[in-house]
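Please find below some notes on the model you sent. They take the annotated site and then the contact between domains.

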Amino acid sequence: MIAPFTPDLLTRDFLTALLQQQAHQAQRWAGHGGHWQWLGEGALQWEPADLAHRHADLVLSCGIHGDETAPVEVCNHLIRDLAAGHLSCRARVLFLFGNPEALRQHRRYLDDDLNRMFDGRHQQHPGSREATRAAQLERWLSAFFMAAPAAAHAVPRLHYDLHTAIRGSRFGRFALYPYRADLQWNEQQMAWLQRCGVDAVLLNEKPAGTFSYFSSSRFGADAFTLELGKVRRFGENDLSRFSGMDQGLRTLLAAPADSTTTPLPRRFRVAGEIVRQSEAGFQLHIPDDVENFTAFPRGTVLATDGDYRYVVGHDEECIVFPNPKVKPGLRAGLLVVEIKP
Ligand SMILES: [Zn+2]
């Protein structure tokens, strides 16, 4: 039998403990400048000692898709450095490692795409292992925001859901801003994203089953899905490519984001979507290796399926997340247009 992890070992390498399903002893223990709390598999909370003057309630989630390993390593290093006292953190933080069993198997998911299960949609998928996990992640995130201790001033709620994309991208890093009826672009957040090396932000036009939509719509959090690079296995990630985000997170943990005068990320909105109609007749008329945000001119036929056609209707539309392998009825690609300042 594997010896139980002590709190010290747990925070020194949270990921290994998670992958090896190590037992743990403590529920709550003291760290450098605050307290740790183990909430359950893949869920670890940090509370700074000076809660009254904390500058954010921040949820950092990673591994929602089990094959997207680099952000998991980034979060693991943050926990390690925070536990070792090498990183100061005045924010209250909830670390969520999204899909532990899929991470162990290096699979995107076991039964269903976890990032389509949130905002209660898991109730429509009884028996799916991702449905069970989505409900658990929602409970942890809800409790984190709802049970937040009082502070001396208003504390912003933030949620960054860290991903990597299946394909390359014209923009190396981009953010998805979930739909909100009352959405105002948060310029401070835009500036922070820019400093993290995020080149483009895409505003969603309707509710979705994503984790970031859940925290945005239910708790008013400034929430983003961040696509930071490409899918690779553990140990094969070039973490230097994630240094912008890593540095951005370290800065944010220590102090509130400030505004900036540097150019902000380019902004896009959804112009249309390609929906697969049938099993047999669906064809996506773009190269397999097309990059995210590749632009197509007006009139280009991007997909056909029987009588169905998707034709570019704006002067220029850019494709994001093309995937000819989705099931019928599901989205096989998103078309976006740039919002000019
Ligand atoms: Zn993902």
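1. Between which strand and which helix does the loop holding H65 lie? H65 sits in the loop that joins β4 (57-62) to α3 (70-83). Please keep in mind throughout that this is a predicted model.

2. H65 is also one of the positions under the UniProt feature "binding site", together with E68 and H163; the entry is unreviewed. These positions span 99 residues in sequence, but no two of their C-alpha atoms are more than 7.4 Å apart, so they gather at one spot.

3. The side chain of E68 forms a salt bridge with R108, with 3.0 Å between the closest N and O atoms. This pair links distant parts of the chain, 40 residues apart: E68 belongs to the loop between β4 and α3, and R108 to the loop between α4 (100-104) and α5 (129-146). Over the whole structure, the search gives 18 salt bridges.

4. Next, the domains. The chain is split into domain 1, residues 7-254, and domain 2, residues 270-339. Their centres, taken over C-alpha atoms, are 30 Å apart. Contact between the two involves 17 residues of domain 1 and 18 residues of domain 2.

5. About 1400 Å² is buried between domain 1 and domain 2, and carbon and sulfur atoms give 55% of that area. On the domain 1 side, the residues that lose the most area to domain 2 are R167, R170 and L202, which together account for 42% of what that side buries.

6. How many salt bridges cross the interface of domain 1 and domain 2? The rule finds 1. In general, side chains of opposite charge can pair when their charged atoms come close. K206 and E273 form a salt bridge through their side chains, with an N to O distance of 3.3 Å. Polar contacts between domain 1 and domain 2 come to 3 residue pairs, counting those with both residues at pLDDT 80 or more.

7. Which strands supply the side of domain 1 that touches domain 2? β7 (174-177) and β8 (200-203) each give at least two residues to that side. The largest share, 3 residues, comes from β8. Sorted by class, the side of domain 1 that touches domain 2 has 8 nonpolar, 6 charged and 3 polar residues.

Definitions and conventions
Residues are numbered from 1 along each chain as its sequence is written. This is a predicted model: local features need pLDDT of at least 70, side-chain atom pairs count only at pLDDT 80 or more; totals for chains, interfaces and linings use all residues. Side-chain values use heavy atoms; hydrogens and water are left out. Domain bounds come from an automatic or database domain assignment. Contact means heavy atoms within 4.5 Å. Buried area is the accessible area (1.4 Å probe) that two parts lose on being put together, summed over both. A salt bridge is a side-chain nitrogen of Lys or Arg within 4 Å of a carboxyl oxygen of Asp or Glu. A polar contact is a pair of N or O atoms within 3.5 Å; within protein, one must be able to donate a hydrogen and the other to accept it, and residues adjacent in sequence count only if both atoms are side-chain atoms. Helices (H or I, at least four residues) and strands (E, at least two) are DSSP runs, numbered from the N terminus. Ala, Val, Leu, Ile, Met, Phe, Trp, Tyr, Cys and Pro count as nonpolar, Asp, Glu, Lys and Arg as charged, and the others, Gly among them, as polar. UniProt positions are given in the numbering used here, feature names are shortened, and annotations may be inferred rather than shown by experiment.
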